[in-house]
Amino acid sequence: MEFTFIEFLRYDYPSILLVLGLVVLMLTNRKNKLPAVFTLWIMTAIMILSLFVEFVCKWSENDPSLADIRYWTTITKYLISPTILMMQIMVLIKNKVLRWLLVIPNLISALAVTVGPYITGLPVLTFSKEYYFVEGPLRAFPFCVAMFYLFVLVIASLMFFYDVTSGYNSIIMYLAISTVISCILEYFGIVSGIVKYVQIIDIYLYYFFLNFVYQSRILEDSLKKELALTQKELELSNTNVRLLQNQISPHFIYNALFIIKALIWTDQKQASDAVDDFSLYIRRNIQAMRSSELIRFSEELEHIRAFLNIENVDDETGLKVKYFTDEVDFLLPPLTVEPLVENALIHGIGTLESGGVISISSKKADNGYMICVEDNGVGFDVENTDFGVGLENAKTRLELQCGGKLEITSRPGCTRATVFVPEQKNNAETEE
């Protein structure tokens with residue numbers, strides 16, 4: 001009876017459905033960057049080839065005139081099983097050198113069953129008078145290579161998943177052992193025609209396994225990002241609490257109110273200006289405590305001017321302030337430069353008999369802006385000094401809110417605090 005495609009469809013319909021389903025599944029999920037997906041595609045292509053080979057074998061099975069075709073398609077079937085095992089190992093191994101070394105046993109097996117009979121005179125398969133196959137000694141090569149790949153696959157899976165849950169190892173072991181046991185059973189004639197089903201199912205399981213690993217990694221990365229964001233928000237919240245507790249000095253408030261009270265009797269215009277500066281100073285501090293939004297440096301500069309105006313309202317301190325602010329229209333966290341000015345005034349030049357000079361500058365830098373607060377005070381040892389809450393808050397807010405940096409250098413006669421702020425999108429302008 002002639003073996004037609006319809007007969008093959010009846011004989012191997014489940015295999016065709018499985019392979020087509022696998023192709024549809026992989027095409028549907030092609031946007032997912034699964035590990036070793038290219039290797040899986042090759043395995044799928046090999047399985048499609050095996051279906052074609054199976055059809056040709058069945059077609060030539062009852063026609064002795066097609067003996068050569070039946071012989072070579074059967075040889076191809078023998079080579080497919082170890083090749084699938086080899087590809088399974090390649091799923092686990094990323095080293096390109098090891099991948100190429102893995103090809104060598106399969107290449108030797110291929111040469112043994114294709115060229116070997118012509119060189120050694122030993123057969124792989126022969127035909128009996130009844131047109132049945134009789135296995136020769138070279139038939140053992142694909143079987144031995146499959147056993148070798150089983151051993152390598154076990155070792156590779158243990159090494160690859162050494163620090164992963166043992167359940168993952170069991171999946172890999174099942175995939176490897178099920179394929180090889182099927183090969184052994186079919187080799188000894190205990191079962192027939194099951195290897196291709198097992199191999200296709202193994203590829204399915206590999207695909208779902210790798211997809212599970214991929215999705216787990218995405219979930220893990222997402223959880224890590226959420227955790228990092230939560231920690232960032234918590235640190236910002238703690239920073240704001242510390243800001244609320246330490247930013248507005250009671251001494252400064254008492255001193256400012258005392259000065260304003262004195263000015264009311266001597267200079268009402270100056271007293272009115274001092275009230276405006278004091279109100280602006282308090283308002284900026286409260287806004288910074290209640291919001292984590294970035295502000296323009298021009299607003300931070302207004303805050304600084306208000307503070308310095310109150311401190312130098314009677315002009316008896318001898319304080320001189322120089323502004324070299326070339327750039328003011330950029331974003332930064334509030335209360336990150338003002339504490340540096342306070343620190344320069346109180347600790348830098350506060351002990352000088354003749355007052356001192358504070359310089360505040362801003363300029364454009366690569367991918368951001370530089371702000372520098374410099375004083376000509378007594379200086380201090382940066383490495384052996386514990387910075388106060390104000391400076392630590394400023395540093396933390398810079399890092400968490402915009403990825404900025406704060407560096408302080410000091411020597412007698414010159415202390416410099418330098419702030420780098422990466423360029424940010426001006427949300428304030430966008431909202432307007």
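## A lysine on the outside

Lys269 is exposed, at 56% relative accessible area (exposed means over 50%, buried under 20%, and partly exposed in between, using a 1.4 Å probe and protein chains only). This is a predicted model, where local features need pLDDT of at least 70, side-chain atom pairs count only at pLDDT 80 or more, and totals for chains, interfaces and linings use all residues. Residues are numbered from 1 along each chain as its sequence is written, and side-chain values use heavy atoms, leaving out hydrogens and water.

So who does Lys269 pair up with? Its partner is Asp273, with N and O 2.9 Å apart in a salt bridge (a side-chain nitrogen of Lys or Arg within 4 Å of a carboxyl oxygen of Asp or Glu). Both residues sit in helix H10 (residues 268-290), four residues apart, or about one turn of the helix. Helices here are DSSP runs (H or I, at least four residues), as are strands (E, at least two), numbered from the N terminus. Asp273 is partly exposed at 32%.

The whole structure has six salt bridges. One of them joins Lys364 and Glu423, whose closest N and O atoms are 3.6 Å apart. Lys364 is in strand E6 (residues 356-365) and Glu423 is in the loop between strand E9 (414-422) and helix H14 (427-431), so this pair ties together parts that are 59 residues apart in sequence.

Glu135 and Arg139 form a salt bridge too, at 3.8 Å between the closest N and O atoms. Glu135 is partly exposed at 42%, whereas Arg139 is buried at 8%.

## Charges over rings

Arg139 also lies over the face of Tyr78, 3.7 Å from the ring centre (this needs NZ of Lys or CZ of Arg within 6 Å of the ring centre and within 35 degrees of the ring normal). Lys364 does likewise with Tyr369, at 5.0 Å from the ring centre.

## Rings meeting rings

Rings of Phe, Tyr and Trp (its six-membered ring) pair if their centres lie within 6.5 Å; planes under 30 degrees apart are stacked, over 60 edge-to-face, and the rest tilted. By this rule there are seven aromatic pairs. In one of them, Tyr71 and Trp72 have centres 5.1 Å apart and planes at 90°, so they are edge-to-face.

Phe330 and Tyr369 are stacked instead, with 4.3 Å between centres and 5° between planes. They link distant parts of the chain, 39 residues apart: Phe330 is in the loop between strand E4 (319-325) and strand E5 (331-332), and Tyr369 is in strand E7 (residues 368-375). Phe330 is buried at 2%, and Tyr369 is buried at 9%.
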